[in-house]
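Here is a short briefing to read with the model open beside you.

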Amino acid sequence: TALPISLMRKRNETCTFHKLKDSVQEMSRKSFAEKNLGQMKTVFPTAYEFDQEKGLPWYRGNKTEKKPEYQLTVRMNPFAVEELEDETFVRGAPEGERITTSLLLERRRVFGCRLLDQVRKQHREFLATKNVSIPDDQIRRWHPGFRLA
């Protein structure tokens, strides 16, 4: 989602959820919904800013759809600073500076690390329900009964 948002930002366009959805689905060939934005917000809370804005232009291929009064807008927060357990940081771009490829890659790395941390936490909780006590540094694979999907 960062790439379409950064492209719209370069063109000084407001990134609405519908524009983002179309771009992500075209690039990934997978469905994309508001639920996915919520999941991303859970994993990396400061990465994006969400607002409901009134009076934005409505660009949809299907002309029969009713124009909503409010639209969900999504902005990438280039000033997101996240501290991870291994004490690495993501620093945003200075005011007015373009979003660089290295910043996008760093944000992707942080997202992946934070997602893995959440899965590890859920796995620890799962192991606790099975009365299995293994130190984190000794876990080499997921328990066969632990559902990843």
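Predicted model: local features only at pLDDT ≥ 70, side-chain atom pairs only at ≥ 80, totals over all residues.

A salt bridge is a side-chain nitrogen of Lys or Arg within 4 Å of a carboxyl oxygen of Asp or Glu. Residues are numbered from 1 along each chain as its sequence is written, and side-chain values use heavy atoms, with hydrogens and water left out.

**The overall layout**

- The protein chain has 4 helices and 2 strands; helices (H or I, at least four residues) and strands (E, at least two) are DSSP runs, numbered from the N terminus.
- Along the sequence, these elements follow the pattern α-α-α-β-β-α.
- The chain has 149 residues, and 28% of them count as buried. Buried means under 20% relative accessible area, exposed over 50%, and partly exposed in between (1.4 Å probe, protein chains only).
- The protein chain exposes about 10600 Å², and carbon and sulfur atoms supply 51% of that area. Accessible areas come from the Shrake-Rupley method with a 1.4 Å probe; for residues, only the protein chains shown count as cover.
- Contact means heavy atoms within 4.5 Å. Among contacts in the protein chain with a separation of 6 or more, 47% join residues 24 or more positions apart.

**Salt bridges**

- Side chains of opposite charge can pair when their charged atoms come close.
- How many salt bridges does a search of the whole structure find? The search finds 9.
- Asp136 is partly exposed, at 46% relative accessibility, and Arg124 is partly exposed too, at 37%.
- Glu13 takes part in a salt bridge with Arg11, with closest N and O atoms 2.6 Å apart, and in another with Lys19, at 3.3 Å.
- Arg11 is exposed, with a relative accessible area of 51%. Glu13 is partly exposed at 32%, and Lys19 is partly exposed at 22%.

**Helix H4**

- Does the span of H4 agree or disagree with its number of residues? At 1.5 Å a residue, its 29 residues should span 42 Å, and the end C-alpha atoms are 42 Å apart, which agrees. The expected span of a helix is 1.5 Å times one less than its number of residues.
- Leu103, Leu104, Arg107, Val110, Arg114, His123, Phe126 and Leu127 are buried in H4.
- The cover over these buried residues includes H1, helix H3 (34–43), strand S1 (48–54) and strand S2 (70–76).
- Leu105 also lies in helix H4, but this residue counts as exposed, at 53% relative accessibility.
- Leu105 and Ala2 are 103 residues apart in sequence, while their C-alpha atoms are 9.7 Å apart in space.

**The nonpolar core**

- A nonpolar core is a set of buried Ala, Val, Leu, Ile, Met, Phe, Trp, Tyr and Cys residues joined through side-chain atoms within 4.5 Å.
- The largest nonpolar core has 21 residues, of which Ile5, Leu20, Phe32, Leu37, Tyr48, Val74 and Met76 touch the most other members.
- H1, helix H2 (17–28), H3, S2 and H4 each give two or more residues to this core.
- Which residues does Leu20 touch, not counting residues up to four places away in sequence? They are Thr1, Pro4, Ile5, Met8, Cys15, Phe32, Leu37 and Val74.

**At the surface**

- Leu3, Leu7 and Met27 form a nonpolar patch with about 280 Å² of accessible area together. Patches are made of residues with over 30% relative accessible area and no salt bridge: like charges are joined within 9 Å, nonpolar side chains (Val, Leu, Ile, Met, Phe, Trp, Tyr) within 5 Å.
- Leu7 belongs to helix H1 (residues 2–10) and is partly exposed, at 37% relative accessibility.

**Two positive phi angles**

- Asn12, in the loop between H1 and H2, has a phi near 55°, a positive value in a residue other than glycine. Asn12 is exposed, with a relative accessible area of 72%.
- Asn131 sits in the segment after H4 and has a positive phi near 60°. Asn131 counts as exposed, at 73% relative accessibility.
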